[in-house]
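Dear colleague,

I am handing over the structure we spoke about, and I would be glad if you could look through it alongside the notes in this email.

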Amino acid sequence: RTKRQAISAEPSALDPSKLSDVTLTSYCKSKESSELIQRALMDNDFMKHLEQGQILTIMDCMSPTSLAKGCCVIQEGDDGSTVYVLEEGKVEVSKQGKKLCSIGPGKVFGELAILYNCTRTATVTALTDIKLWAIDRQGFQTIMMRTGLIKLSQYTDFLRSVPSLQSLPEDVLSKLADVLEETHYSEGDYIIRQGATGDTFFIISEGQVKVSQQNAAGDELLVEKSLSKGDWFGEQALEGEDVRTASVTAVGDVTCLVIDRESFKQLIGGLDDVNNKPSDDNEVEAKLQAEADFFSSVS
Ligand code: CMP
């Protein structure tokens, strides 16, 4: 599972309504530099959970800069305005005059003050002549927030299209969209294993999955069915069942939106009118009713 967004820019740092006013500038770079930057971002503890699209955009917007040996790149206690990736040379990180470590090519630094809206936590000095890639606070935070907001509205639209969720109030849908995690699977991946424990509920946003249930001895297939976009599974976990009663595997590439029991109950619990929409089609009606029963049973 890959986390949708492990970190987000401090909301107070940038007014979301101004996001569309910010122009992001991209800078040409060689294939080697692009790869070095991407690897550096994915290797950084605070940034490795960013989405691939965010990593690519940050990489694209980083501009080149060089500094001579001995220069102070970052001064502890200053307001931070830039995140760096070191391409060539070596820097030293120190705090209150004490050396913490030295950093070589392919590493991110200067991310903390921007991510956490705090002052610089350490001083960074060039030990050699250095080449850096840099992105400023505004560009960085715009990428973080713009992507987040686009995702949020895409998820909300998608949830609104799921019959069982259609009648949820708009604010609940968008809160649900906000706590969902997007997860990706490839052909044959187990999304859920029968007998394993779990407390998460899945809505398929792309692709198809196979649900199979075996008898206790594991030598007889009791149920096999496929589910696709808009269908959900893992719902028994939301009802308090920790042990998975069936296995679910990906048929080709699959994207799911996942929510855990606690968040789901906080948001949906208490809403017993979920999906009582009338329908002419008996089969659809039966499905909607089953779903409505399920959603009210977890409330
Ligand atoms: P920031 O606080 O913005 O500016 C100083 C940077 O030094 C900081 O982000 C980190 O990138 C880096 N840094 C701080 N502490 C350490 C540490 N203990 N080890 C390595 N790098 C650090």
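The notes below go through the helix packing and then the surroundings of the ligand.

Please keep in mind while reading that this is a predicted model.

I begin with helix α1, which covers residues 31-43, and helix α2, which covers residues 52-61; their axes come within 10 Å and cross at roughly 130°. An angle over 145 degrees would count as roughly antiparallel and one of 65 to 115 as roughly perpendicular, and α1 and α2 are therefore described as oblique to each other. Their crossing is right-handed. On the α1 side the contact is made by S34, I37, Q38, L41 and M42, while α2 contributes Q52, I55, L56, I58 and M59. Sorted by class, the residues in this contact of α1 with α2 are 7 nonpolar and 3 polar, with no charged residue among them.

The next pair is helix α4, residues 137-161, and helix α5, residues 170-179, whose axes come within 8 Å and cross at roughly 120°. These two helices, α4 and α5, are therefore oblique to each other as well, and α4 passes α5 in a right-handed crossing. From α4, the residues L152, Y155, T156, L159 and R160 take part, and they meet E170, L173, S174, L176, A177 and D178 of α5. The contact of α4 with α5 has 6 nonpolar, 2 polar and 3 charged residues.

Helix α5 also packs with helix α7, residues 261-268, at an angle of about 170° and with the two axes 10 Å apart. Because an angle over 145 degrees counts as roughly antiparallel, α5 and α7 are placed in that class. V172, K175, L176 and V179 of α5 make this contact together with S263, L267 and I268 of α7, and by class it has 5 nonpolar, 1 polar and 1 charged residues.

Turning to the ligand, which residues are the closest to it? There are 13 residues around the ligand, and the closest are G110, E111, A113, R120 and T121. For R120, a polar side-chain atom lies 2.7 Å from an oxygen atom of the ligand. For A113, the atom concerned is a backbone N or O atom, which lies 2.9 Å from a ligand oxygen atom, and a backbone N or O atom of L112 lies 3.4 Å from an oxygen atom of the ligand.

Conventions:
Residues are numbered from 1 along each chain as its sequence is written. This is a predicted model: local features need pLDDT of at least 70, side-chain atom pairs count only at pLDDT 80 or more; totals for chains, interfaces and linings use all residues. Side-chain values use heavy atoms; hydrogens and water are left out. Axes are lines fitted to C-alpha atoms, for helices over the stretch in contact, and angles run from 0 to 180 degrees between N-to-C directions. Helices (H or I, at least four residues) and strands (E, at least two) are DSSP runs, numbered from the N terminus. Angles under 35 degrees count as roughly parallel, over 145 as roughly antiparallel, 65 to 115 as roughly perpendicular and the rest as oblique. A crossing is left-handed if the near helix is turned anticlockwise from the far one by less than a right angle, and right-handed if clockwise. Contact means heavy atoms within 4.5 Å. Ala, Val, Leu, Ile, Met, Phe, Trp, Tyr, Cys and Pro count as nonpolar, Asp, Glu, Lys and Arg as charged, and the others, Gly among them, as polar. A residue is near a molecule or strand if one of its heavy atoms lies within 4 Å of it. A polar contact is a pair of N or O atoms within 3.5 Å; within protein, one must be able to donate a hydrogen and the other to accept it, and residues adjacent in sequence count only if both atoms are side-chain atoms.
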